[in-house]
Amino acid sequence: MKRAIYPGSFDPVTFGHLDIIRRAATTFDGLVIGVARNAAKEPLFSLDERLAMLNQCVLDVPTIEVVEIEGLLVDFCRKINCRTIIRGLRAISDFEYEFQMALMNRRLAPDLETVFLTPQEAHTFLSSRLVKEVAHFGGDVSSFVPPHVIDALKKKYRNHR
Ligand code: ADP
């Protein structure tokens, strides 16, 4: 069975992520969505909140599993016996960082392969960071994230104010 892992912060999950998840899930037999704790990025949502929001998105897809990534991604891949890393490429601006990371991971673990998937055009400008900025100022994010994520954003920013 060919499984892939889609790692990220998902702070929070957007329709862009879900587009990549859908493409990966139809390309591979199984998909692991790996959520990084990512203390360096000071996430808005806790790890448990991000896991729960993602889980709610993929409830009806039995071939998808949502887990926390512990430690280095390449070590985690070995631990769960997965050799394909999925990343999303939105625009040229993603390229340099993603390219560096793919090559670093290849240096660390030559047996792993990074596969890049591109979302539909309508999602290419979408990022978790922008969604948070819009939501923070009370803007409408309903075309960027699912309803349960809108609720979570509203709650977060209400408590923050
Ligand atoms: P990270 O902190 O690892 O970059 P993100 O959650 O921001 O985590 O992104 C995870 C992956 O999903 C990255 O490869 C990123 O480029 C990709 N991604 C994020 N938003 C989108 C989008 N709108 N369309 C396609 N890919 C995306």
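## Terms and model

Helices here are DSSP runs of H or I with at least four residues, numbered from the N terminus. The model is predicted.

## Second largest pocket

Helix 6, residues 147-160, supplies 5 residues to the lining of the second largest pocket, the largest share. This pocket has a volume of about 190 Å³. Its lining has 12 residues, and those nearest its centre are A135, G138, G139, L153 and K154. By class, the lining divides into 5 nonpolar, 3 polar and 4 charged residues.

Helix 5 spans residues 128-136, and its buried residues are S128, V131, K132 and A135. These four lie on the same side of helix 5 because they cover an arc of only 100 degrees around the axis.

## Largest pocket

The largest pocket has a volume of about 1,000 Å³. It is lined by 39 residues, with G8, S9, K41, R87 and Y97 nearest its centre. Elements giving two or more residues to this lining are strand 1 (3-8), helix 1 (15-27), helix 3 (73-79), strand 4 (84-88), helix 4 (92-108) and helix 5.

Helix 4 gives the most to the lining of the largest pocket, 8 residues. The class make-up of that lining is 18 nonpolar, 13 polar and 8 charged residues.

Definitions and conventions: Residues numbered from 1 in each chain as written. Predicted model: local features only at pLDDT ≥ 70, side-chain atom pairs only at ≥ 80, totals over all residues. Heavy atoms only, no water. Buried < 20%, exposed > 50% of the residue type's maximum accessible area, 1.4 Å probe, protein only. Arc of directions from axis to C-beta. 1 Å grid on protein atoms, 1.4 Å probe; cavity = no way out; pocket = protein on both sides within 12 Å on 5 of 7 lines; lining within 4 Å. Points joined across faces, edges and corners; volume = space filled by probe spheres on them. Nonpolar A, V, L, I, M, F, W, Y, C, P; charged D, E, K, R; others polar.
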